[in-house]
Amino acid sequence: MASVQISEAEKVYIMHGVRDDLRVDGRGCEDYRHMEIETDVVSNTDGSAKVRMGHTDVLVGIKAELRRPRPNVPDEGYLEFFVDCSANATPEFEGRGGEELGVELSNTLYKVFNSHRSLDLRSLCVCPGEHCWVLYVDVLLLQCDGNLFDAMSIAIKAALFNTRIPKVRVLEDEEGGKEIELSDDPYDCLRLRVDNIPCIVTLCKVGHRHVVDATLQEKACSAASLLVAVTPRGAVTCVRKLGAGSLDPDSIFEMTETGKRVGKALHAPLMELLQKDESLGKKRQKVGFLA
Amino acid sequence: MLKSKTFVKKTRSGGVLKIVREHYLRDDIWCGSEVCTECKDDSPVLQRDAFIQSRLCTYPHYLIPDTNVVLHQIDILEDPVMRNVVILQTVLQEVRHRSAPVYKRIKDAIHEKEKHFYTFTNEHHRETFVEREQGESANDRNDRAIRVAALWYNQHLRKAPCAGELRVVLLTNDQANKEKATEDGLLAYRCTARRFPSAQSPWQGVNHGRQISLLNEITGGRVLFPEHLPLSRIQTGIKNGTFLQGTFRANRDNYLEATVFVHGEGEDGTEVLLQGLQNLNRAVHQDIVAVELFPRERWAAPSAAVLEDDHANDEDAEEEEAEKVPCVVRKKTSMLKPTGRVVGIIKRNWRPFCGMLTQSQIKEATRHLFTPADRHIPRIRIETRQASALVGHRIIVAIDGWPRNSRYPNGHFVRNLGGAGDKETETEVLLLEHDVPHQPFSKAVLSFLPRMPWAITEEDLKVRADLRHLCVCSVDPPGCTDIDDALHCRELDNGNLEVGVHIADVSHFIRPGNALDQEAANRGTTVYLCGKRIDMVPELLSSDLCSLRSNVDRLAFSCVWEMNRNAEIIRTHFTKSVINSKASLTYAEAQMRIDDATMNDDITNSLRGLNALAKILKGRRIEKGALTLSSPEVRFHMDSETHDPIDLQTKELKDTNSMVEEFMLLANISVAQKIYEEFSECALLRKHPAPPLSNYDILVKAAKSRDLEIHTDSAKALADSLNAAVLGGFPYFNTLLRILATRCMMQAIYFCSGMDSDFRHYGLASPIYTHFTSPIRRYSDIIVHRLLAVAINADGTYPDLMDKHKQSTLCNNLNYRHKMAQYAQRASVAFHTQLFFKNKGILNEEGFILFVRKNAIIILIAKFGLEGTVFFKNKGKPGPKLSFDSEGPSLTVEDQHTFHMFDKVKVTVTLDASNIQHQKIRMALVEPIAGVSVAWPEPAAKKPKLDR
């Protein structure tokens, strides 16, 4: 993952600041940076969102395709994740540099999101055993400035909220063959319920305390961080430790509790924002990539 | 200004695709009116004084019709009275989507200058573009777009300083739309299909008599064909007799008619007639179908009309003439045939078809119609974006399916063969169309070839007679590399002659049942085209190991007779042998040796002996009633570089030709007797049935016209009377008669002796006959070789050889391949003839009338062996007055000239390339009367030829 090199003196300065709940950019330990969210930014996807958090910039596009359901769950659709670490984000990703990270990130995302607890996968089924919607979630990292997971999860949630899947009907002809019929009306589409979609809160252990939404400098001071996926109700769906260092059980417990609290607090304004944005309809001002 | 249009589409593989198109709006789209000063249009289309006499609108106005008005009232819009009409882009797009023919017509109307039709691209106009709203159907959106555009026009024109009374009138079919328009303050009129063209028409002068005939063809998704029954119901139906099962055969001249050949019990097959697209119900030539018979009162007679499905290329053009189609004139009841309809398809027999693309008239359309070269096959609709690249090329298309609501089957592009008219392409086409297997031999097949270098082994010599000391030679046409026969003749001590026919021992190399054998059995025969040979066995065998070339040791199967000087056989002996040919001669070389008295070597003497015997044999054969027939065959002289034909020559026969032929016949007959003696149940023989007497009618009539009599009661009588039929001063007459006689003959066929009782070969006047002498190029001969080898204990047998049913199926394949090879050969000659005439330009040639028909005469140009038809009637044009006398037969044109058979005429010959798929040789009379046009009969026209 992208990282920066900082001197010992800087480290000490950052750690002391964190100890006193005052971070370099003036935030408290549980504060997020300023966030910008825009949905429906890529018109040829079924749902998309762009999230900017500090200098971290993430674009998520969702394409729905009709596929055969997985044999073990014939009545459910599923999600596929792909994270593209573009060389735009940091020169380290050039060539195949970002590939390993991309796979790791997509595996983590898969663990966090692809569960019928977070999304009603059954609603994605068109015809049990034959057709279901597969949501291809493509994440593009445009710029890295720490806290990728949180930005990605927010972007994914926003994109899922924005996703409109065309409604289809299954017609049976005389010979028993099934045919898919598309609705003629482009407005006639399926929306996903995002109520239970978790957000990821990454907590970075800096000194004896932990911070959310760590910048790259803060990250450089930390040996280990904990990823906690939290639903709006405060349920933790996934916990993962990142980084080379170790965490003692007490601080894991403490960090999970913080994660829950921060996560719950994160969901409410996010949903409010998305709904408000939606209600604007056509009057919504598009910003896109030129901001 | 940029907008994007989004829609979802179903892909062919069943997926769903979201498509986003950029849509640009502009502010420089002009209204097209002369009165407008705001728009900077250089040449406005709409007139200032737009005045149509109308009771409803007494002021000048422009009309804006909506989609349904254009679709249903196109006849009226096309009327010259209708001028100054604004056709909106929305309307045009919808029309195009729903009916291609109407789209074509409205486009034509727009292009007509005097009509002042103006296309307003409202979809790209900044002020008239509307986006689809939530809950709005596509139709509603389009209606709204039309209203918005009309409204814009009204406001726009009002701003013009000298617009005066000029108004815009919206025409619609829809009451709701009219109401909405009036609400918006628009002037709208509703015209229904009934009201508009009727007497209350607001526009006077419009042709009232027109009917709205297009109404039904606009509904896109309507079902055209009845459903096919499921297989289970077909099976029960066939079992209890309500349905019949048979092979579907489309009529090549009338696409609305077909027959189903029902395989009845035993021999009696019946034919069921099918008429009309509905009753044909999507069956394609050669499909196995189930048919239901109509009650007797609905039986019909086949119509004689020639109907070509050459509809405008609009992919959805409906057959307007379907209604015109003869509701089958009730002819005499004797003409009525069992008639029925297809209820289901038991087995499709679709193969990839070869043909050409007819491009859709709509430029950017992706669906195009494909016209197969085979006229039995309906046109096929394919989807391609590369239509322009494929036009003019021969392509292969496969049928995917034929949905119930589609006029044509749907297919997909398979392969591009190359430009039409190219020699390679056309050769490929005719091989494909005649089902000639011509792929290179597979690895599996080649693996059964002997290892090189190959030599005769000690074991071979042990079991074979060593005839290498004999003075054997071969006589063949020039350039022949697959020499399968050689001859020798020598004097024995007792004064008799020993004559040997040595045939390449192909069965030594091709062992029964292996891949090589199966491939050869499937190919059945080598196909000779002009300048190309499609081998039955790999070249190593055909041109090397099996070919009896001079001065190399070769394995042979020999048939050796001891004969006296009168060519009577004293002893016949068959043996496998090893020979060493001393010379490979051409017919001409052999002839020269015989004629040259100074030559006295062994080979020449041997040839002389053979020649003398052959003459006796031939005399005896003719005595017995063998026919000498004739067909005008031609050879091309090919340019060695380009392989283009540069000259034509009819085949010439020399004494040596018939010398070789005589001994081949003798060998074939001897072998036939031997294998039939040994295997009365499973000998593979060849028969030539006597034709029914009625076949000879035309020949007898023709001869009678020249006061000659032809007797047809027996082959002998026929042969004699043909010999006697000579006209002084007309040397070609006899040949013409023989050509005619050839056309009366039946096809000779292979059969298995256990499956038939009549063995006679009519043409050769032989009670039994088979093919033994060309195993390199015919599979039948290989089987005969195997049978003979078993009969003389030279080889073992195998089960399939002794199974008469298996052999019978093999015979069927051989007969089929043989027939197809002949057709392919003829098609190749026809194509090269065309090439020849293409290079030659227009020629004036002398010819003879071969047949006289009701409306045409068929002419043979002896020099080229070329046949053509001179029609006296042209499609559409009234032809000259004709009177046909079927007794003569003769045809009198304009009471001036009477054409009889065999009359000498002069014609011009040209190549007609107007239909690139079926290029034709055109002939037109020059003498005795000029100016009549012509077409060449189809290349595969029935032209049975006596084939020994």
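In chain A of this predicted model, strand β11 (residues 199-206) pairs with strand β13 (residues 225-230) in the antiparallel sense over 6 bridges, where strands are DSSP runs of E with at least two residues, helices are runs of H or I with at least four, both numbered from the N terminus, and two strands count as paired if DSSP finds at least two bridges between them. Within this pairing, A:Ile200 has A:Ala229 of β13(A) as its bridge partner. Both strands belong to an open sheet of 4 strands in the order β12-β11-β13-β14 (chain A), with antiparallel pairing; β12 (209-212) and β14 (236-242) are its edge strands, each pairing on one side only. The twist from one strand to the next averages 25°, with angles taken from 0 to 180 degrees between the N-to-C directions of axes fitted to C-alpha atoms, for helices over the stretch in contact. Helix α5 (residues 249-279) of chain A lies across β11, β12, β13 and β14, running at about 140° to β11(A).

Turning to the interface, 19 residues of chain A are in contact with 17 residues of chain B, contact meaning heavy atoms within 4.5 Å. The two chains bury about 1,500 Å² between them, 52% of it on carbon and sulfur atoms, this being the accessible area (1.4 Å probe) lost on being put together, summed over both. In chain A, A:Ser43, A:Leu182 and A:Tyr187 lose the most area to chain B, together 31% of what that side buries.

Residues are numbered from 1 along each chain as its sequence is written, and chains are lettered from A and ligands numbered from 1 in the order in which they are written. Local features need pLDDT of at least 70 and side-chain atom pairs count only at pLDDT 80 or more, whereas totals for chains, interfaces and linings use all residues, and side-chain values use heavy atoms, with hydrogens and water left out.
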